[in-house]
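This report concerns annotated positions in a protein model and a strand pair next to one of them. The sequence and structure are shown first.

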Amino acid sequence: KEKKKGKEGCSLPDSSWEERLADAVTPLWRLPYQEQLQVKYESQRRILQTLASRLEELGIDAQKPGGLCCPLQPVVPSPIINGYRNKSTFSVNRGPDGNPKTVGLYVGTGKARNIVCVKAYHTKNIPPKHKQVAQCYEEFICSSPLDSCILFHEGGHWRELVVRTTSHGHTMAIITFHPQELGQDALATQKALLKEFFTCGPGTVCALTSLYFQESTMTRCPHEQSPYQLLHGEPHIFEELLGLKFRISPDAFFQVNTAGAEVLYQAVGELCQATGDTVLLDICCGTGTIGLSLAHRVSKVIGVEVVEKAIEDAKWNAAFNGISNCEFHSGKAEAVLPQLLESWEDARPLVAVVNPSRAGLHYRVVRAIRNCQSIRRLLYISCKPEGEAMRNFLELCCPPDPQKKLTGEPFAPVLAIPFDMFPHTVHCELVLLFTR
């Protein structure tokens with residue numbers, strides 16, 4: 001029989017598919033919230049112990065009380081515990097009943113060839129609006145003569161659904177479609193049917209602010225490779241954060257927990273210790289949320305982001321909020337940042353905030369930061385500090401290495417604060433403060 005996980009992850013018989021999905025997506029959902037925070041604290045403590053050990057191997061005396069590399073504060077709780085996600089991605093695949101057009105989240109793995117797509121009705125972190133849009137999308141594709149696209153080479157068309165919402169009540173749906181061999185007329189017909197369903201048919205209950213359609217022959221595809229096509233409504237949705245209004249494009253990064261992001265960014269502002277003449281370097285800035293929320297504390301903000309549409313949003317956000325001391329650069333950080341910092345002659349204090357994806361920072365970005373002596377304070381925000389971010393931490397703190405062109409004075413970790421941006425999951429957003 002299939003089994004479910006109990007309080008400590010042990011197996012129990014006769015698990016329902018909903019419970020199996022909850023165990024896969026939100027492994028801590030059975031625990032009271034205070035116990036979840038304690039589990040996360042212990043996890044972050046082990047990460048800092050690992051970092052201390054790795055630094056010791058490099059000849060750096062990094063052992064602090066408890067074997068940590070720096071003091072660890074308690075996990076900062078999320079203001080909202082259930083339904084906090086403002087963005088959800090739903091897959092299309094075979095459900096437990098064999099329906100190949102089930103819209104939900106995965107249980108199982110491709111490697112084990114046991115993937116089942118389960119509806120997300122009972123997942124605590126996903127809000128009701130997202131579940132409603134997913135159910136309507138499933139209703140639509142079940143009525144479509146076109147198949148779902150489970151494996152690209154086996155044909156089929158209907159693929160992922162992304163739902164984004166804001167506290168203003170805005171809802172954006174983005175549907176990914178594999179065109180296979182369909183011609184333009186056939187594609188136009190499908191887009192018209194989809195629009196009709198959500199604007200005149202049963203899907204009107206979703207009250208979509210924006211309906212996007214993306215033709216894609218790849219697993220994930222940015223706007224530049226395969227443009228997002230607006231079928232209905234507004235091109236952007238809007239969110240408020242720390243008194244500022246932010247415009248969000250379909251593929252722009254925005255923290256998935258808006259209320260948690262406010263708490264996080266307020267703390268980042270305090271940790272920066274910025275003064276009126278400080279220049280803030282916001283690396284991997286997304287739509288500019290961190291830089292813009294701190295712009296009133298500093299003399300200038302410089303943002304760098306690879307997603308071009310996000311930079312367009314950041315510039316719009318700055319103008320709309322009447323913020324004039326920000327500049328935003330579009331491009332890969334490893335290409336933009338070295339050019340910015342190599343010629344840096346500004347005498348003002350320079351503080352860097354980096355918020356990369358799970359892949360961490362490119363080595364050239366770390367090198368540019370290390371070798372810029374004006375940066376004395378660095379905040380690294382990571383949702384997976386035990387992953388590639390660990391490599392970055394070691395590169396920032398290791399002794400100078402001319403062979404690796406790391407000639408600048410090393411940083412040292414001085415404080416770690418975890419923020420629970422993802423209740424019911426095992427993940428945290430760790431803010432690690434480095435100084436030199």
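The UniProt annotation "binding site", from an unreviewed entry, covers Gln 255, Glu 305 and Asn 355; such annotations may be inferred rather than shown by experiment. This is a predicted model, in which local features need pLDDT of at least 70, side-chain atom pairs count only at pLDDT 80 or more, and totals for chains, interfaces and linings use all residues. Residues are numbered from 1 along each chain as its sequence is written, and side-chain values use heavy atoms, without hydrogens and water.

Gln 255 is placed in the loop between β11 (244-248) and α5 (258-272), whereas Glu 305 belongs to strand β13 (residues 300-305). Helices (H or I, at least four residues) and strands (E, at least two) are DSSP runs, numbered from the N terminus. Both residues are buried, a term for under 20% relative accessible area with a 1.4 Å probe and protein chains only.

| Residue | Relative accessible area |
|---|---|
| Gln 255 | 4% |
| Glu 305 | 9% |

Contact means heavy atoms within 4.5 Å. Not counting residues up to four places away in sequence, Gln 255 touches, among others, Asn 86, Tyr 265 and the likewise annotated Asn 355. With the same exclusion, the contacts of Glu 305 include Cys 284, Cys 285 and His 329.

Strand β11 pairs with β10 in the antiparallel sense over five bridges, where pairing requires at least two DSSP bridges. Glu 240 stands opposite Lys 245 in β11. The hairpin has two residues between the strands, and Leu 242 takes a positive phi near 50° there. Four of the five residues of β10 (residues 237-241) are buried, so this strand is largely enclosed by the rest of the structure.

Methods:
Buried < 20%, exposed > 50% of the residue type's maximum accessible area, 1.4 Å probe, protein only.
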